[in-house]
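User: I would like to learn how to read a few features of a protein model, taking each general idea before the particular case. Could we go through it step by step?

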Amino acid sequence: MVLDAAALTDAQMQRIAADVGYSETAFVTNTTNNTVRYFSPLAEVPFCGHATIATAVALAERDGPGELLLVTQAGPVAVTTGRDGDGGAITATLTSVSPAVESAEDEDVDAALAALRWSFDDLDPDLPPRIAYAGARHLVLAARTRERLADLDYDFEALKAYMSARDLTTLALVHRDAGDPALFHARNPFPVGGVVEDPATGAAAAAFGAYLRALGLVDPPATIAIHQGDDLGRPSRLTVAIDPDPASGIRVSGGAVRIPA
């Protein structure tokens, strides 16, 4: 959800986000320079890709499609908006802040697996665990099988404590499609935000693109597709474009659905 919040306090924004109950609510706190802040039902987060897409679409519906620069706590995020076909829906492509990928210590991975109720054998050895950042931090864990990814039943409080201690926004659980190496399936537990699972996570998609580039798992320039939300009955389709420059932002494209107030 996107709200004009120029006159709202932090406490009011947090209360509204909790009442709305979505994974994230975007608040435009300065309409002059398009400053955006993001709140989950429990806490503020530095960046949210899908709420950025939704904000850009809302602004483009008001002002017309074009180029936008949104000011976020993670840094400036450029967004290009356009219309599908003649009079079609507005779509948006964001370019993340400069990403980073770091190692994940064995004991940290073990703790995450314990909270997920997964075993080490459930992981795909070709996609090793890493912490990836493109505006927010995500632990990337790749499931060996699609069935393992589909069967998600984790310890909410244990995973929440684990992630809070490590400043993680979500766990990016992924599986590479057996029939298409450019297609990934994803799920994102989000207990630190008070949500069992985020059905659509553009920030994690951007971080995952940086992960693939840093580990040499794609040959940039490359484009991948991420299918998310299928296991929740809320399918989301993301397109992620990865440039060769390791310092360049990752581009994530998508649309937005207007929900009546």
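**Reading charge, helix faces and backbone**

Analyst: Glu105 is partly exposed, with a relative accessible area of 42%, and it is found in the loop between β8 (100–103) and α3 (106–116). Please keep in mind throughout that this is a predicted model.

User: Which residues gather with Glu105 in a patch of negative charge on the surface?

Analyst: The patch of negative charge on the surface is formed by Glu105 together with Asp106, Glu107 and Asp110.

User: How should I read a helix such as α3, and which of its residues are buried?

Analyst: The general idea is that an α-helix has 3.6 residues a turn, so residues three or four places apart point the same way. In this structure, the buried residues of α3 are Val109, Ala112, Leu113, Ala115 and Leu116. Seen down the axis of α3, these buried residues fall within an arc of 160°, so they line one face of the helix. On the other side of α3, Asp106, Glu107 and Ala114 are exposed.

User: How many salt bridges does the structure hold, and what should I look for in one?

Analyst: In general, side chains of opposite charge can pair when their charged atoms come close. The structure holds 13 salt bridges, and one of them joins the side chains of Asp108 and Arg166 at 3.1 Å, N to O. Asp108 lies in helix α3 and Arg166 in the loop between α5 (156–165) and β11 (170–176), so this pair ties together parts that are 58 residues apart in sequence. Asp108 is partly exposed at a relative accessible area of 22%, and Arg166 also counts as partly exposed, at 26%.

User: Are Asp63 and Arg62, whose side chains meet in a salt bridge, buried or exposed?

Analyst: Asp63 is exposed, with a relative accessible area of 52%, and Arg62 counts as exposed at 51%; their salt bridge spans 2.8 Å, N to O. In the salt bridge between Arg148 and Asp151 (3.7 Å, N to O), by contrast, Arg148 is buried at 15%, while Asp151 is partly exposed at 47%. Salt bridges can also form a network, as the one linking Arg146, Arg187, Glu197 and Asp231 shows.

User: What is there to read in the backbone, where phi of Asn34 is positive?

Analyst: Phi of Asn34 is near 55°, in a residue other than glycine; Asn34 lies in the loop between β2 (25–30) and β3 (35–39) and is buried, with a relative accessible area of 13%. Arg117, likewise not a glycine, has a positive phi of about 65°, but Arg117 is partly exposed at 48%. A further backbone feature is the peptide bond from Pro220 to Pro221, which is cis, with omega near 0°.

Key
Residues are numbered from 1 along each chain as its sequence is written. This is a predicted model: local features need pLDDT of at least 70, side-chain atom pairs count only at pLDDT 80 or more; totals for chains, interfaces and linings use all residues. Side-chain values use heavy atoms; hydrogens and water are left out. Patches are made of residues with over 30% relative accessible area and no salt bridge: like charges are joined within 9 Å, nonpolar side chains (Val, Leu, Ile, Met, Phe, Trp, Tyr) within 5 Å. Accessible areas come from the Shrake-Rupley method with a 1.4 Å probe; for residues, only the protein chains shown count as cover. A salt bridge is a side-chain nitrogen of Lys or Arg within 4 Å of a carboxyl oxygen of Asp or Glu. Lys and Arg count as positive and Asp and Glu as negative; His and the chain ends are not counted. The place of a charge is taken as NZ of Lys, CZ of Arg, CG of Asp or CD of Glu. Helices (H or I, at least four residues) and strands (E, at least two) are DSSP runs, numbered from the N terminus. Buried means under 20% relative accessible area, exposed over 50%, partly exposed in between (1.4 Å probe, protein chains only). The arc is that of the directions from the helix axis to the C-beta atoms.
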